[in-house]
Amino acid sequence: MCGIVGYIGNRNITTVVMVGLERLEYRGYDSCGIATVNGGIRIRKTAGRLQRLKELLNRDPVTGNVGIGHTRWATHGQVTDENAHPFTDCKRVIALVHNGIIENYRELRKRLVKAGHRFVSSTDTEVIVHLLESHYKRDMATAIRKAAAELKGAYSLAIISAQEPDRLYAVKMGSPLVIGQGRGEFVVASDAPALIGIARRMLFMQDREIAVLTRKGVSITDFTGNKVERAFTRMELKPKAISKGRYPHFMRKEIFEQPGVLKQNIARRFKGRRIVLDPEFLFYPDEIEKLGRIVIQACGTSYHAGLVGRYYFEKFCRIPVSVEISSELRTSEFVYNGRTIMLPISQSGETADTLAALREARVRDIKSLAMLNVRRSSIDREADSTIYIYAGPEIGVASTKAYTAQLFTLLTLALYFARIRKTVPDNRINEIIRHLRKLPEQMKQALNLDRKIKETASRLSFAHDFLFLGRGINYPTALEGALKLKEIAYVHATGYPAGEMKHGPISLVSETVPVIGIALRDPVYEKMVSNLAEAKARNGRIIAIGTEGDKELAELAETVFYVPKAPDYLSPMLVALPLQLLAYHIAVQRGCDVDKPRNLAKSVTVE
């Protein structure tokens, strides 16, 4: 969602804030702005991309030692200059930026208008700055506490005041916010990449906290005014991790990083015959032995990973698993007993619906094990246990390397549970690990399909509809392939279990609708080939993903992308790569902004 950057120090304020905002572009946005304190509040903001803001600043610069910046993803109000952040109070003494949603903004706005406050936008955010103005008596921290007592919803804020030009305020309630510490300077942002180059140490704020930043230090209190003591930790992110390097897009870079990510994870998780989890994994063996059910909950790509995870836990651990969409689960009846654990999956650890469903589980005393990429995120702090996927920073909005890292981690966790529950013999687990060790090299071979996929994409980029078909463990892969195409190429695509074709979807097949079929040499191969033959008989254009050496499939399909032979339980991690490349190349050929697809945010931190 929205990106926030705030800075106090001696550097060029415009450069620092703009670089920070550029590093948060992956969150998705449609307008942007900056405010500084220099003899008063100075604001420049505009609808559109950061390039327009740069042009505006070149024509009319702002300076100062403290400032805030914002990239807005519209929720309340259209995408206009007036609705862009930052916002000021009536007297232009206070300026703030906001990520989140204020649920009671209508009633607050009516009251403030009646009291004489003048609004210039149709956003919920502007209510906050006028509310602060109504409480402000030359003490911003007190005004923030009084305003927070009236606000309902999720919000993170960065605030500056012309009357306190040597201070930057940060407030967290629901939406993420992190503080970075440099040498005589501090930066606050929605996510850690914006801190790189300034911060050596970092601190994640927690809900109901107010931070006051000066060049000399940071003091944190809660909403009741009690002082909070919490240490900064070492900044681990490096500039190289968030650079595109030689690649034209972050998405392409992250697709090609997957073999390396998997290789590192294999070395981390498998020490000889031992399976090593993180210190944050806190379940005892007897809890795993008595486990009666796992509820996986997630959104988007993480949900598709969870569907594959269901196969792993049921196949290897003999544990019943349900996989739920977080936004649906949080309003369900939660008919689970004490032998159930919840497994929320989230790349960012900040996904609003996933976090809300986790909180509902906690109220019902259901223990949780989170699967995350980001340490010290909200879900990480609130879950009973955590296992990390170690995908590294993922900047492209469409998830690629985090997806395969999630699949690997789910399989690792299932093997760990299986060993404790004795549902799989040790020699079989060791055999699976041996196959896993071969997978990074097999993934490299799958990436060698890149040129062929690009050529195929040029023939398919005209199509307006796609069908993705899979069976068994690769039905979720079909869903994920369709999602990738929708996300970045803006093409309607639908994933189906192939066996459902004759129950309706087969009526969509025509010469203008490409059918992408996942037909590996696995237990459902014959049935999958039959489904593709039915589609071809109705003039469907068949693009297949098959196992190396499968000549039968070549006779059926217009094009086959061959991946190396591997056990069926590893195939989703191989098949994902050509599907990601297919979506990528179609999107590029259609002229789409691959890293920043329209209307999408990397981390959905509000409902």
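In this predicted model, Glu164 is found in strand 8, which covers residues 164-173. Glu164 counts as buried because its relative accessibility is 9%, and the limit for that label is anything under 20%. Once residues up to four places away in sequence are set aside, Glu164 touches Tyr136, Arg138, Asp139, Met140 and Tyr169.

Two packed helices are described by the angle between their axes and the distance between the axes. For helix 4 (residues 125-135) and helix 5 (residues 140-148), the angle is about 120° and the axes are 8 Å apart. Helix 4 and helix 5 are therefore oblique to each other, and their crossing is right-handed. On the side of helix 4, the contact is made by Leu131, Leu132 and His135, while helix 5 supplies Met140, Ala143, Ile144, Lys146 and Ala147. Sorted by class, the residues of this contact between helix 4 and helix 5 are 6 nonpolar, 1 polar and 1 charged.

A second pair of helices gives another set of values. Helix 7 (residues 258-269) and helix 13 have axes that come within 10 Å and cross at roughly 25°. Helix 7 and helix 13 are therefore roughly parallel to each other, since angles under 35 degrees are given that description. The crossing of helix 7 and helix 13 is right-handed. Where they meet, Gln258, Val261, Leu262, Asn265, Ile266 and Arg269 of helix 7 face Lys401, Thr404, Ala405, Phe408 and Thr412 of helix 13. The contact of helix 7 with helix 13 has 5 nonpolar, 4 polar and 2 charged residues.

In soluble globular proteins, nonpolar side chains tend to be buried together. Here the largest nonpolar core has 96 residues, and the members that touch the most other members are Ile294, Tyr312, Phe313, Leu413, Phe417 and Phe466. Helix 13, which spans residues 401-421, provides the largest share of this core, with 13 residues. There is also a second, separate core of 31 residues, which includes Ile13, Val16, Ala189 and Ile196.

Not counting residues up to four places away in sequence, Tyr312 touches Cys317, Leu407, Leu410, Leu411, Ala414, Ile473, Tyr569 and Met573. Among these partners is Ile473, which lies in the loop between strand 23 (465-470) and helix 16 (475-489). With a relative accessibility of 10%, Ile473 counts as buried. Leaving aside neighbours within four places in sequence, Ile473 is in contact with Val308, Tyr311, Tyr312, Asp568, Tyr569, Ser571 and Pro572. The C-alpha atoms of Ile473 and Asp522 are separated by 9.9 Å, although the two residues are 49 residues apart along the chain.

The axes of helix 14 (residues 426-447) and helix 19 (residues 571-589) cross at roughly 25° and come within 9 Å. That angle makes helix 14 roughly parallel to helix 19, and the crossing of these helices is right-handed. Their contact is made by Leu439, Gln442, Met443, Ala446 and Leu447 of helix 14, together with Met573, Leu574, Leu577 and Leu581 of helix 19. By class, the contact of helix 14 with helix 19 has 8 nonpolar, 1 polar and no charged residues.

Finally, some details of the backbone can be found in loops. A cis peptide bond, with omega of about 5°, joins His85 and Pro86, and Pro86 lies in the loop between strand 4 (66-72) and strand 5 (87-88). Arg318 has a positive phi of about 60° although it is not a glycine, and Arg318 belongs to the loop between helix 9 (300-317) and strand 19 (321-325). Arg318 is exposed, with a relative accessible area of 58%. A positive phi, of about 70°, is also found at Asn539, which is not a glycine; Asn539 has its place in the loop between helix 17 (525-537) and strand 26 (541-547).

Technical notes:
Residues are numbered from 1 along each chain as its sequence is written. This is a predicted model: local features need pLDDT of at least 70, side-chain atom pairs count only at pLDDT 80 or more; totals for chains, interfaces and linings use all residues. Side-chain values use heavy atoms; hydrogens and water are left out. Axes are lines fitted to C-alpha atoms, for helices over the stretch in contact, and angles run from 0 to 180 degrees between N-to-C directions. Helices (H or I, at least four residues) and strands (E, at least two) are DSSP runs, numbered from the N terminus. Angles under 35 degrees count as roughly parallel, over 145 as roughly antiparallel, 65 to 115 as roughly perpendicular and the rest as oblique. A crossing is left-handed if the near helix is turned anticlockwise from the far one by less than a right angle, and right-handed if clockwise. Contact means heavy atoms within 4.5 Å. Ala, Val, Leu, Ile, Met, Phe, Trp, Tyr, Cys and Pro count as nonpolar, Asp, Glu, Lys and Arg as charged, and the others, Gly among them, as polar. A nonpolar core is a set of buried Ala, Val, Leu, Ile, Met, Phe, Trp, Tyr and Cys residues joined through side-chain atoms within 4.5 Å. Buried means under 20% relative accessible area, exposed over 50%, partly exposed in between (1.4 Å probe, protein chains only).
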